[in-house]
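Have the structure open as you read.

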Amino acid sequence: MPLKMKLHLKLCLIFFASSLYCAAQNTTVFITSADEPEKKSGSGFFSDFAPFSQFAVSFPFRSNPEYGETDNSNSNNNWFIPDGLSAHGGFGVHVYESIAFSANTGVDWQITPKLVSVPVYGSVLLNPSISDESSILIQAGLGKAFAIGHGDISGTYQKYRVGYFTNYYGIYGEINFYGYAWNDAPQMSTINVGICLLNFE
């Protein structure tokens, strides 16, 4: 073999060997993470709703027929006197503790008319803030009321409530309409004062 050809063959072998060495040095590094990508939380309208519950106890009042009378030097100066007991509860949903929707029921007992009613109603509650820890409570309800122990007497029930709310409880005044006549009244109704517990989860 000619010397010139041997020299060319050696050069080719050296170039080939150096190419293999360089290829062996070029490694690819993959960086992996054990943490999965964070999933985006829902942003739809219903994702803003959270559970809500309420419980309320109130006392219906009636005008005092003995107002102004004197008995044993004691004057009766009470315009209104308690005339029964009401207890209501409800469950629903709220949005940012500002507005709530609930289904409610309860028992209303009135002493003078000798009547027990069971209202079943839906309600909307507004809770606008007036400070960091207090708010105004405004509630309206609509449903059906049933007189217990008096046949099939029933009517359209309405509730309108206004109060002051702070730290999960509030005080309020309300008026209730039962939608049926009772005794001499064209419609049974009450004016109540009470306390309520609201739970915004």
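Predicted model: local features only at pLDDT ≥ 70, side-chain atom pairs only at ≥ 80, totals over all residues.

The second largest pocket has a volume of about 230 Å³. A pocket here is an open set of points on a 1 Å grid over the protein atoms alone, where a 1.4 Å probe fits, with protein on both sides within 12 Å along at least five of seven lines; lining residues have an atom within 4 Å of a point.

Numbering runs from 1 along each chain as its sequence is written, and side-chain values use heavy atoms, with hydrogens and water left out.

Now look at S135, which sits in strand β8 (residues 134-147). S135 is buried, at 3% relative accessible area (buried means under 20%, with a 1.4 Å probe and protein chains only). Its side chain makes a polar contact with the side chain of N127 at 2.4 Å.

Finally, the largest pocket has a volume of about 470 Å³. Its lining counts 19 residues, with F61, R62, D83, S189 and T190 nearest the centre. Strands β1 (49-63) and β11 (189-200) each give two or more residues to the lining of the largest pocket. As for the terms, a polar contact is a pair of N or O atoms within 3.5 Å; within protein, one must be able to donate a hydrogen and the other to accept it, and residues adjacent in sequence count only if both atoms are side-chain atoms. Strands are DSSP runs (E, at least two residues), numbered from the N terminus.

Conventions. Helix = DSSP H or I, 4+ residues; strand = E, 2+ residues; numbered from the N terminus. Buried < 20%, exposed > 50% of the residue type's maximum accessible area, 1.4 Å probe, protein only. Points joined across faces, edges and corners; volume = space filled by probe spheres on them.
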